[in-house]
Amino acid sequence: MGASSSLLDETQSNYIKEQVDEKLKDFTPIYRKQYSVAYRSQIKDELEQRKEEHTQFLKQRPPPEAGKMLFEEIVWYFDDGRKWKERFIVIRACYVLEIHESYKSFLKGAPPQQRLMPTGGTILTAEDKYMELIDQCCPYTKNDREDFAPPVVDMPGQFPVYLRLPYRQDSYFCFKDEDAQADFISLLSDCVRHQNKADYLKKKTCDVKAFLKAFQLYRQEKGQYESWDMLIGSDVRGLANLFMEDLMPYLEKELKSKRTDKRKAWFATVESAYFLLQEHLFDRMTTLKEECKNKAKQQEALMRSDMDQITNSRTYLEGKLQAMVSEPATKYCTEQVQPHLPALLEEVMGPISLGFTEARDLSEGMMEQLCEDFQDPQQEVELRQALFKMSKANLQSCYEKVSGLKDHVQELQQTFNYSIKGLVDSTEIDLKQLMENVEYSFELLVKKALLDPSVNFSEAMQKASDRVLKQFDYDSSTVRKRIIQEALVNITLPNIKKHLAPSFKEELPKFEQYIFADYSNFISVENVYEDVIQQILEKDVSTVVKEAASRKKYNLITESKYKFSVSSLSSTPPGSAPSSPSRLNTSPSQRSPLPPSPLLTNGLTANRSVTVHSPNSENSTAMGRIDEGENKIPTEGSIDDVFFTSEMSNETKPEHRSTTNAKEPSVSSSPVIVITEAKEIPSSSAKAGDGSLSDLANKPTEIISPICKNSAEMEKFIEVMQSDNPAPTKAKISDESTHPITVCLSIEDAEAGEVHKKTTGKQFTDFPEKAPKSCSSLHLEDKNRPLDCVKEIRDLVVEVIEIEDTIEPYEDSNDDKDDDDEDIQRFQELEATI
């Protein structure tokens, strides 16, 4: 329902264009500088290979194509002739309404009569509320009841929808059914939100980043630091909204209509000026962006070659600005901002959490209903239809909870002059995305259960529902923490900048001297200055958010407290981001184990075991035990059972106590490695690699102490180690040394030990090539190098335990030969793992 441009004469049109050009003279230099800064930042991210982190469990459906239809229905529409007509309305994934004359014209491919972008729209369902809004927007008081809104008498249905659009004439729809009205309002609300925030202003391109920062600095130069809810839509529409504020007094003065319907003439004139302004701005901005893009391309080579120098120059400038700003900014935050942060968090978090809780309850109810209705996998067609219906759920009740922000933040709006509309829109977009992720993740898990006939389908659906709700809890917490963190910064930061501006605004140009002339286009003093202030504020905000996360009241899950079971993680829907928590193990017992240390594995045959003791533990319980008797290779999920065990077998406890009691005086906190060698039990049924080969009760014990002080101590230690009598192992080892030997787990250390392994035929042999006999080469002056004796001690251990001993296969039995072949294969796999 566009207005005729003839409402503006040539003089008025030229005046509007001149005003646009005049304002762009101030805006253009800021935009050029910000474009170069944004381009430099993009090159830096590319060189550092920064990737966006994904920290959500739920699987996200790929975004639909812009042409996909979200809505197509015949709706009563109030047209330019002020008559209700049936029109075929299509809403596509680009969130633009297409109004076609009829369904037949749509099928024929005829262009729509009107394309409606509901940017900044307000949706109402009551005529009196709508007329109140009109009274606020029109400078002319009504003398009588103008025929402005559609007459109620002629409405074809009882459920109207009024769409109020800023600087444009409004649109009206009507429905005969309340449910149809609710569905249309829900979808129309999505269009408004996405047109306001999601589609353009959230892009990460250079032109969008440059525009947003330039727009902010342009307003700050005019003393406007507070948030502004009309920065919506594209860059052209945002500038048009800003410039229209200055044009409104001129348009009111120029309107000389003496007709009784001055309201209609006013809104028509405003719309004509708005369209003309956008048209002129579009041409100018297109030329400006192309100019900046070409210039940035020319400077790209310099950016790439001198990126380190540019970064260092910016860092140096940041240090200078910190020295000037840090103290007054910190003082103001402490006195004027910190006291308000807990109350702000309370006011903002309350309605947002209510909205997300409502969304969780809605998701849980829908999934439970599906679990009750579909327990037979033969109902696949009906189930898919129900899943599709779930994806179209009406979230209006959730949005109403979030919209409560408008009623709860009156105080913060007065204190910080913050507009809450942008926060409401972005929060509702995040909530809707989370609900779509719930539906898609549940759908993937259900489809997976349908493809597996061996599972109980009803149980699988219930498990899928439980898993998705757990993942929703985590993702909801992550999203809400991000929302509240950004909200607290956006609410309070403008106030800080406005307070500091009188003191530092005139000083900032002096800091240009700290930037090399060649790099002046890539570094902005204003940007660095504001980054310094924001970093100071973010410390206080982070503290408040962390305190909130520690309280059960807000239901915010911390990373350290939230753990999924292995089964839950292994059943995460396919396609999750590699860096998402669904791909990570959250407990140490689920992490992939490191290769075993060469000290603990080299030379250990199938009937040897190593026990690691902590000398400082209260009762000297075993820290861990590695038993190679079963030829196990540690795998994910089994590390607790294979690599570290909390208890010893009953047979080893007496020997363990006698060994460790002798070492009680030692002050070392490093573990003591106890190596035992089993005696074979003669048995015709025994097989190589069988756990029955080890008699743990009769193992001789040798202690490897992680202490190395000097040659004398070392020789004494060697004598003890080489003795056939285990009794000397109980001798006290000097507690004066402060050099514990670190157990090495790297492949390089295994190679440095010069231990080579061979596999020949049906047996395998480990032997040292150059194991030294002593550590006499160590000197007392090497005290400060505690790892110097690692190699000698490691090689000595290999020699002491006589790794040249071999396992002789049983040749009388074919089964035993097969077992030996398995032993060889397992050993090769273990060696490859190490």
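Leucine 107 counts as exposed because its relative accessibility is 56%, where exposed means over 50% relative accessible area, buried under 20% and partly exposed in between, with a 1.4 Å probe and protein chains only. The residue is found in helix α2, which covers residues 103-107; helices here are DSSP runs of H or I with at least four residues, strands are runs of E with at least two, and both are numbered from the N terminus. Together with Ile74 and Tyr103, Leu107 makes a nonpolar surface patch of about 320 Å². Such patches are made of residues with over 30% relative accessible area and no salt bridge, like charges being joined within 9 Å and nonpolar side chains (Val, Leu, Ile, Met, Phe, Trp, Tyr) within 5 Å.

## Basis of the model

This is a predicted model, in which local features need pLDDT of at least 70 and side-chain atom pairs count only at pLDDT 80 or more, whereas totals for chains, interfaces and linings use all residues. Residues are numbered from 1 along each chain as its sequence is written, and side-chain values use heavy atoms, with hydrogens and water left out.

## Overall composition

The protein has 24 helices and 13 strands, and buried residues make up 47% of its 834 residues. Among contacts with a separation of 6 or more, 74% are accounted for by residues 24 or more positions apart, a contact being heavy atoms within 4.5 Å.

## Salt bridges

A search of the whole structure finds 31 salt bridges, each defined as a side-chain nitrogen of Lys or Arg within 4 Å of a carboxyl oxygen of Asp or Glu. In one of them, arginine 284 meets aspartate 21 with an N to O distance of 3.1 Å. Because arginine 284 lies in helix α7 (residues 262-305) and aspartate 21 in helix α1 (residues 10-48), this pair ties together parts that are 263 residues apart in sequence. Arginine 284 is partly exposed at 36% relative accessibility, and aspartate 21 is partly exposed at 27%.

Aspartate 190 forms a salt bridge with lysine 432, their closest N and O atoms being 3.4 Å apart. The former lies in helix α4 (residues 178-198) and the latter in helix α14 (residues 421-450), so the pair ties together parts that are 242 residues apart in sequence. Aspartate 190 is buried at 4% relative accessibility, as is lysine 432 at 16%.

Lysine 23 is placed in helix α1 and counts as buried, with 15% relative accessibility. Leaving aside residues up to four places away in sequence, lysine 23 touches Tyr218, Phe243 and Asp246.

The axes of α7 and helix α8 (residues 307-337) come within 4 Å and cross at roughly 75°; axes are lines fitted to C-alpha atoms, for helices over the stretch in contact, and angles run from 0 to 180 degrees between N-to-C directions. The two helices, α7 and α8, are therefore roughly perpendicular to each other, a term for angles of 65 to 115 degrees, while those under 35 count as roughly parallel, those over 145 as roughly antiparallel and the rest as oblique. Their contact is made by Met303, Arg304 and Ser305 of α7 and by Met307, Gln309 and Ile310 of α8.

Note on methods:
Accessible areas come from the Shrake-Rupley method with a 1.4 Å probe; for residues, only the protein chains shown count as cover.
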